[in-house]
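Welcome! Please take a moment to look over the sequence and the model below, and then let us walk through them together.

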Amino acid sequence: MAAKKSSKKTAEPEAPAKLFYIFYNQERWDNWLNTLAEADFAGDDDSEEMPEGYRILDGFSDDITLATIKIIRLYQNGRISLEDARTKLRGVEEIVMEELPESEVAEIVGSMQVSMLVLFAAGQKYLEEAYPPSEEVKNLVKEGRKVFEKDPEKALDIASSIGAAVINGASCCGKYVKDTDEPTLFDEWLVEVERIADAMKSLKNFDEEAGEAQ
């Protein structure tokens, strides 16, 4: 007598859980702008503390940098594709670099936007694997300072290469910024690269779980 076939179906492997992640969006940007608009930038002459508005602006910069580096981390962890990472990075850049109506806050945010140029350029360079080896960083810092006044665009390109190297694991740039008493815009870009380095460290173990939103 033939053995009866099992009525149980072979269990099929579960499909990977879909990633649910709320990326940086216009609402988040607008909330920061509204908070800045109500902040005090004058401060107290008798206090050594940084005025509230500038502390908020610093947090604003951190928030944008962390949101951008989270995209890179999700790509590194295989949670999003290269094309998705490029698209998401461009999306954040479009929000952050939008032109603002004339106002006192717009002028203050404008200086932050200039600093952020290096963040987005560095991110795209990293995704394109267009980053220098870590041992070249020191020479690139010297070159950037040398060319900044004559060719700011080249200086930005150099700074973004340094930033891409940092995303890839190189060290920079606190000690180089401290070396100068008269910081230029190139030095401000190096400050943002240092912020990128801090974000990379703080997100070392970052990986978004499916169904989790941040």
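**A guided walk through the helices**

The protein has eight helices and zero strands, where helices (H or I, at least four residues) and strands (E, at least two) are DSSP runs, numbered from the N terminus. Read from the N terminus on, its elements run α-α-α-α-α-α-α-α. What you see is a predicted model, in which local features need pLDDT of at least 70 and side-chain atom pairs count only at pLDDT 80 or more, while totals for chains, interfaces and linings use all residues. Residues are numbered from 1 along each chain as its sequence is written, and side-chain values use heavy atoms, with hydrogens and water left out.

Let us begin with the whole chain. Of the 214 residues of the protein, 41% count as buried; buried means under 20% relative accessible area, exposed over 50%, and partly exposed in between, with a 1.4 Å probe and protein chains only. A contact means heavy atoms within 4.5 Å. Among the contacts in the protein with a separation of 6 or more, 75% come from residues 24 or more positions apart.

Now to the way helices pack. Two packed helices are described by the angle between their axes and the distance between the axes. Here the axes are lines fitted to C-alpha atoms, for helices over the stretch in contact, and angles run from 0 to 180 degrees between N-to-C directions. Helix H1 (residues 26-37) packs with helix H2 (residues 52-76) at an angle of about 170°, and their axes are 10 Å apart. That angle makes H1 roughly antiparallel to H2; angles under 35 degrees count as roughly parallel, over 145 as roughly antiparallel, 65 to 115 as roughly perpendicular and the rest as oblique. On the H1 side you will find Arg 28, Trp 29, Trp 32, Leu 33, Thr 35 and Leu 36, which meet Gly 53, Ile 56, Leu 57, Gly 59, Phe 60, Asp 63, Ile 64 and Ala 67 in H2. The residues of this contact of H1 with H2 divide into nine nonpolar, three polar and two charged. In this scheme Ala, Val, Leu, Ile, Met, Phe, Trp, Tyr, Cys and Pro count as nonpolar, Asp, Glu, Lys and Arg as charged, and the others, Gly among them, as polar.

Next, look at helix H3 (residues 82-96), which packs with H4 at an angle of about 170°, with the axes 10 Å apart. H3 and H4 are therefore roughly antiparallel to each other. From H3, the contact is made by Leu 82, Ala 85, Arg 86, Leu 89, Arg 90, Val 92, Glu 93 and Val 96, and from H4 by Gln 113, Met 116, Phe 120, Gly 123, Gln 124 and Leu 127. By class, the contact of H3 with H4 has eight nonpolar, three polar and three charged residues.

Two serines are worth a stop. Ser 61 has its place in helix H2 and is buried, with a relative accessible area of 8%. Not counting residues up to four places away in sequence, Ser 61 touches Met 112, Met 116 and Arg 195. Ser 115 lies in helix H4 (residues 104-127) and counts as buried at 14% relative accessibility. Leaving aside neighbours within four places in sequence, Ser 115 is in contact with Glu 188, Trp 189 and Glu 192.

How many aromatic pairs does a search of the whole structure find? The search finds five. Rings of Phe, Tyr and Trp (its six-membered ring) pair if their centres lie within 6.5 Å; planes under 30 degrees apart count as stacked, over 60 as edge-to-face and the rest as tilted. Phe 41 and Tyr 54 form an edge-to-face pair, 5.0 Å centre to centre with 85° between the planes. This pair links distant parts of the chain, 13 residues apart: Phe 41 is in the loop between H1 and H2, and Tyr 54 is in helix H2. Phe 41 counts as buried at 13% relative accessibility, whereas Tyr 54 is partly exposed at 37%. Tyr 126 and Tyr 131 form a stacked pair, 5.6 Å centre to centre with 20° between the planes. Ring pairs also link Trp 29, Trp 32 and Phe 60 into a cluster.

Our last stop is a disulfide, meaning a pair of cysteine sulfur atoms within 2.5 Å. A search of the whole structure finds one: Cys 172 and Cys 173 form it, with their sulfur atoms 1.7 Å apart. The torsion about their S-S bond is about 105°, so the disulfide is right-handed. Cys 172 is buried, with a relative accessible area of 9%, and Cys 173 counts as buried at 1%.
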